[in-house]
Amino acid sequence: STQSRSSAASDVYKRQRLTDEAAVFQHRATRVTGDKDDEEELARLSLENEQLRRQLKDAQSRAAGARQAPEASSSSGNEAIRKELSELKTSNAALEAQLVKAKIEWGTADLDRENLQKLVKKLEDKAKHSDIRLHVMEAELVKTKQALGDIVNLVSESGSDRLAESVVSIVARI
């Protein structure tokens, strides 16, 4: 009787811990915003979380039913309670394993999202750098064209028609 009460108290503690972990998991699930893959992962994990909650409620109702049964009944009654308690412990352990697995998957999804955000930031920085280089090259091209125009003007002012035609044909190819 004392051992079953101790075991029942242990089960209550484990169920409470499972409930708390499920609540944390639910909170983390509501925090996530992201692209379609994150939404699909969130939906899948939310469904899995809901299944875990239903299994936990089933286990809790079975435990409540076992606690309400009279303790002083026949030995077969005690045996039934022990069997139910054993089933609850097994179910609880399975639920804990599923919850741990879900937390690991959620953590992996968080890491993937962070890595993608870093990659996007890196690509944005690279695009900004390329845009700056493009503007510098455009300015240099304008200066080069101005200098070339000045050279063409000088050649045509020098009076050498043949040299002017050669420079104009070279400029036309550029």
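What is the volume of the largest cavity? About 50 Å³. Hold on to that value, and we will come back to it.

First, a caution. This is a predicted model. Everything I say today is computed from it.

Let's start with the overall fold. The protein chain has four helices and zero strands. Read along the sequence, the pattern is α-α-α-α. The chain has 174 residues, and 19% of them count as buried. Its accessible surface comes to about 12800 Å². Carbon and sulfur atoms account for 57% of that surface.

Now, contacts. Take those between residues at least 6 apart in sequence. Of these, 76% join residues at least 24 apart.

Here is one pair to find on your screen. Lys57 and Thr19 are 38 residues apart in sequence. In space, C-alpha to C-alpha, they are 9.5 Å apart. Lys57 sits in helix H2. Is Lys57 buried or exposed? Exposed, because its relative accessible area is 57% and the cut-off for exposed is over 50%.

Next, the core. In soluble globular proteins, nonpolar side chains tend to be buried together. Which residues form the largest nonpolar core here? There are five: Leu18, Leu52, Leu56, Leu95 and Leu99.

Look at Leu18 up close. Leaving out residues up to four places away in sequence, Leu18 touches Leu56, Asn92, Leu95, Glu96 and Leu99. Leu56, Leu95 and Leu99 belong to the core with Leu18.

Glu96 deserves a stop. Glu96 lies in helix H3. Is Glu96 buried or exposed? Buried, because its relative accessible area is 19% and buried means under 20%. What does Glu96 touch? Lys14, Arg17 and Leu18, again not counting residues up to four places away in sequence.

Back to the empty space. Rolling a probe the size of a water molecule over the atoms shows where empty space is left. The structure holds three cavities of 30 Å³ or more.

Which residues line the largest cavity? Asp11, Arg15, Leu56, Ala59, Leu88, Asn92 and Leu95. By kind, the lining divides into four nonpolar, one polar and two charged residues. Helix H1, residues 2–31, supplies at least two of the lining residues, and so do H2 and H3. Which helix gives the most? H3, with three residues.

Now put the pieces together. Leu56 and Leu95 are in the largest core, and Leu56 and Leu95 also line the largest cavity. Leu18 touches both Leu56 and Leu95. Leu18 touches Asn92 too, and Asn92 is one of the lining residues.

That's my tour. Thank you.

Key:
Residues numbered from 1 in each chain as written. Predicted model: local features only at pLDDT ≥ 70, side-chain atom pairs only at ≥ 80, totals over all residues. Heavy atoms only, no water. Core = buried A, V, L, I, M, F, W, Y, C linked by side-chain atoms within 4.5 Å. Buried < 20%, exposed > 50% of the residue type's maximum accessible area, 1.4 Å probe, protein only. Contact = heavy atoms within 4.5 Å. 1 Å grid on protein atoms, 1.4 Å probe; cavity = no way out; pocket = protein on both sides within 12 Å on 5 of 7 lines; lining within 4 Å. Points joined across faces, edges and corners; volume = space filled by probe spheres on them. Nonpolar A, V, L, I, M, F, W, Y, C, P; charged D, E, K, R; others polar. Areas by Shrake-Rupley, 256 points an atom, 1.4 Å probe, with all protein chains shown as cover.
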